[in-house]
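Here is a short tour of the structure you are about to see.

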Amino acid sequence: MPDRPMIEIQNVSKFYGIYKALDDVSLTIGEGEFFSLLGPSGCGKTTLLRSIAGFETPTAGEIFIDGAPSLTLPPNKRPTNMVFQNYAIFPHLDVAENVAYGLKRLKLSPEDEKKRVGDALDQVRLSSLGKRKAHELSGGQRQRVALARALVMRPKVLLLDEPLSALDKKLREEMQVELRTLQKAVGITFILVTHDQYEALALSDRIAVMFGGRIAQIATPKEIYQRPRTRKVADFLGGMNFLTAKVLGEQGNAVSVDAARFGAVNLDKPHGFTAENGHVTVGIRPERLRLLWDNDRAPHELAGRIENRAYFGEVTHLTVGVDGLEQPLSMVETNDHGADDLPIGAEIRLAYDPDAFVLLAEYEAVRRV
Amino acid sequence: MTAAAFDRIADTPSPAKRRAWTRSEEARGLAMISPTFLYALALLFLPVLIVIAYSFWTQNYLDIDRTFTLENYRQALTEPIYRDLFIRSLWISLTVSVVTVVFSYPIAWFISFHGGVHKNLWLFLVTVPCWTSYLLRVMSWKVILGYGGVMNTGLISMGLIDKPVASLLYNSNAVVITLVHSWAAFAILPIYVSLQKIDRTYIEAARDLGDSRLRAFFRVTLPLSLPGVVSAFLIVMIPTVGDYVTPRLVGGKDGVMIATAIQAQFGKGANWPLGAALSVTTMILVSLAAAAVVLALKFIVRRIK
Amino acid sequence: MSVLTQRLRFIPWLPVYVAVYFLFLYLPILLLPVFSFNNAATTTFPLAGFTTKWYASLAGNSVMMEAAWNSLVVGISVAVLSTVLGICAARAITRYRFRGQRTAAGLIMAPLFLPEIIVAVSLLMIVLAIGIELSLVTVILGQTVFCVPYAMSVLVSGFEGFDRSLEEASYDLGETAIGTFRRVTLPVVAPAIVSSLLVTFTISLDEFILAFFLSGTAPTLPVYIWGQLRFAAKLPGVLALGTIMLVASILMLTLAEILRRRAEKRTQLALMLP
């Protein structure tokens with residue numbers, strides 16, 4: 001939990017007719033936090049961001065910004081500023097005029113205004129382009145102008161609506177680093193909307209994963225990747241091998257299950273856990289399975305055979321059939337031992353760590369929590 | 001529409017909800033369009049209603065007798081002069097629209113498929129003649145087609161004819177030529193728009209599947225551009241049926257159209273109800289004819305597949 | 001036979017057709033200036049020599065000057081009125097979604113699909129039924145109905161590139177609704193608005209039927225020209241007047257087109273569309 005709350009969203013819902021864009025969402029975002037709203041398109045993340053900015057009026061609930069109830073405030077009265085998905089750089093103004101746009105309302109002295117614009121442009125490394133028009137800028141430059149234009153207002157919260165989705169892969173990775181550095185430098189709260197799980201993992205202090213207008217999980221990147229609470233969250237954040245396991249017994253905060261060929265596994269028991277029919281879903285990430293070569297030995301081993309292989313440059317994705325498992329297992333191997341040369345049908349041995357298993361709730365089960 | 005909106009406000013007296021509604025997209029859109037909509041309602045829809053009302057009344061010298069009668073329609077539909085004018089007007093507008101669409105389609109196709117980066121320039125060049133000196137353009141055709149006009153003097157100097165041809169001017173052909181010229185851009189633009197919307201890969205797919213250029217055109221391009229062809233038809237056919245200037249200037253006796261008769265009822269003839277009935281009948285007849293043409297067109301294109 | 005068909009294949013049919021079509025389109029317009037400088041009262045070839053006397057005769061024609069003044073008054077009023085109404089409608093259509101949108105737009109665009117004489121007759125009837133005197137005001141009101149669809153199509157194409165995120169960005173940076181309209185909306189769509197003003201002015205300048213029915217005793221230029229067309233001797237003078245109007249129209253339309261394209265380019269290039 002954050003130290004001092006900056007944004008408090010309390011039971012916010014937004015209905016369009018019978019369609020629920022947001023369904024009773026509550027969350028708190030702290031001062032200086034880099035927070036991401038992650039989910040597939042249509043999950044309500046953009047609606048939530050636009051509700052914070054003031055462009056959507058929630059049907060129910062309340063939003064506090066820095067302690068002040070803000071639902072009735074129009075966007076121009078909120079201490080938030082936004083970087084739009086298409087950047088919305090004013091086409092009739094040059095870069096410096098774009099950045100100065102919001103300052104004009106503050107009636108600063110010309111020197112002060114110029115200094116603030118100059119500082120903001122320095123911050124995003126655009127000082128030399130002040131006289132350019134929007135259509136003379138590259139995608140990355142537009143993004144910087146949008147950032148400078150928002151930051152120059154010294155907002156308490158910066159809202160970013162998929163700011164990197166219009167950029168190509170390489171530029172996107174550069175801008176990720178820059179965004180993170182910028183956030184550390186200015187020290188204000190950033191709220192990022194994205195559908196790219198790697199972006200969210202790389203940038204955020206905390207992530208809220210959303211599906212169907214609801215929040216499925218809020219946690220740090222590491223926790224959300226390693227300890228996803230539901231099958232859907234696990235799936236959205238990357239590859240996962242799912243297994244049906246039989247509950248052997250519960251003890252305090254632990255559950256012991258029989259994970260088919262993986263044998264008995266002890267797992268942390270999530271809050272509000274109930275085992276239906278004595279069966280649960282457990283998962284293990286592909287990279288937590290490891291190939292054993294020649295005389296390698298491991299405490300937990302399993303025999304299988306290669307069913308499929310896909311070469312990804314630095315790694316190779318393997319599909320491994322194991323007798324007694326309903327589904328073949330996915331694995332990710334680095335290529336230093338020659339995983340990329342394994343023939344289809346080759347008999348292999350793999351090692352696993354029983355602690356890497358997580359207990360996953362089906363989606364419905366968590367909604368009741 | 002607006003009434004329903006006000007009902008909804010009345011149903012929800014709470015100020016918060018009312019504020020939410022007035023801030024809603026629906027309310028803003030309605031408020032935004034209402035000045036223009038009300039203007040069109042007052043100066044287009046209402047006047048047309050009045051015309052319809054008048055068509056069922058009778059003129060008694062300077063007064064209007066407001067008892068319902070179909071007498072005006074009987075006159076409009078049975079009196080030979082009006083009947084001939086209707087038939088000729090419909091025939092001319094039909095010919096004009098067919099000729100305009102057929103001759104304009106290749107131009108629209110050319111601009112869309114071969115216009116390159118200068119598409120806008122081509123479209124501009126097409127529209128310029130349509131928006132400049134309407135009366136004088138018609139007048140110009142009189143100069144071109146007249147007995148001592150450009151066409152005759154030109155043909156004689158080229159040695160193609162010995163003496164001027166008198167039949168170029170003052171007949172329905174002259175009316176058709178002039179109207180085709182006037183309405184060219186109105187046919188090109190909608191066809192061009194619908195051609196622009198066609199994804200070029202559809203045509204490539206047809207070629208890939210073995211169609212010749214021509215077959216691909218008839219089986220893919222033409223059916224997909226049909227909406228444009230239909231609106232081109234409507235936008236040319238319906239207005240031309242009531243054209244007044246062209247028949248008066250180049251039509252002569254054989255080229256008179258219904259607009260002349262309508263105008264007469266509001267001028268010297270001074271029989272408003274009959275004029276109204278002629279107007280309403282014109283609209284109904286041309287709508288029916290246009291609907292028939294559009295249906296026939298759709299049928300033909302469906303058969304091509 | 002086969003040689004002939006082979007030769008026919010090598011003729012670039014489409015460019016030839018396009019050239020002939022454009023000749024057909026422009027011939028009548030190009031004849032106006034030709035005969036307006038011809039030193040003869042008849043419009044026949046061969047030409048009788050160059051003169052500017054027909055233009056000189058216009059200067060002293062007070063009736064024509066008055067009609068020109070009327071046309072100017074009507075044209076400016078119609079341009080402003082129909083552009084303002086067009087802005088409302090174009091913005092409502094490009095920016096909002098609401099029930100009845102299609103119906104409203106259909107009614108506003110209807111004059112494009114109606115015989116002009118019926119619009120004219122119906123307006124005449126309602127004006128006289130209410131008891132309003134025919135004047136330039138009635139011409140303005142009538143021509144505005146007719147010009148709004150054109151204004152709207154010009155403006156819609158200008159507004160479509162205008163992304164609502166530009167306005168949202170302005171609110172977000174602390175600007176009010178009115179300030180946003182003044183500082184963002186208006187400057188961005190200004191070229192489209194000027195373009196609409198020019199186009200509607202040109203149409204009004206050229207419009208005859210509505211002016212003919214609704215103008216009463218004060219004629220506009222086309223109504224004046226209509227009266228002159230009956231007299232063959234007046235034709236060269238009318239052609240001179242027509243040439244001036246033609247040049248003015250083409251200049252205005254060219255300017256309108258340049259502005260429209262600039263507006264389109266600016267709004268399109270300014271946005272990053274994902």
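pLDDT is the predictor's confidence in each residue, on a scale from 0 to 100. That scale matters here, as this is a predicted model. For chain B the average pLDDT is 84, and 91% of the residues score at least 70. Two elements of chain B mark the ends of the range of mean pLDDT:

| Element of chain B | Residues | Mean pLDDT |
|---|---|---|
| Helix 1, the lowest | residues 2-11 | 37 |
| Helix 5, the highest | residues 80-114 | 93 |

Along residues 1-15 of chain B, the pLDDT is below 50, and this stretch makes 10 contacts in the model beyond near neighbours in sequence. Where pLDDT is low, the predicted coordinates should not be read in detail.

Now to the place where chains B and C meet. Chain B brings 65 residues to the contact and chain C brings 67 residues. On the chain B side, helix 3 (residues 25-54) gives the most, with 22 residues.

Finally, a look at one residue of chain A. Ser70(A) sits in the loop between strand 5 (68-69) and strand 6 (80-83) of chain A. Is Ser70(A) buried or exposed? Ser70(A) counts as buried because it has 21 C-beta neighbours inside 10 Å, and the cut-off for buried is 20 or more. Leaving out residues up to four places away in sequence, Ser70(A) touches Ile63(A), Phe64(A), Ile65(A) and Arg78(A). Ile52(A) lies 18 residues from Ser70(A) along the chain, with 8.4 Å between their C-alpha atoms.

Technical notes. Residues are numbered from 1 along each chain as its sequence is written. Chains are lettered from A and ligands numbered from 1 in the order in which they are written. This is a predicted model: local features need pLDDT of at least 70, side-chain atom pairs count only at pLDDT 80 or more; totals for chains, interfaces and linings use all residues. Helices (H or I, at least four residues) and strands (E, at least two) are DSSP runs, numbered from the N terminus. A residue is buried if 20 or more other C-beta atoms lie within 10 Å of its own, exposed if 12 or fewer, and partly exposed in between; C-beta atoms are placed from the backbone. Two residues are in contact if their C-beta atoms, placed from the backbone, lie within 7 Å.
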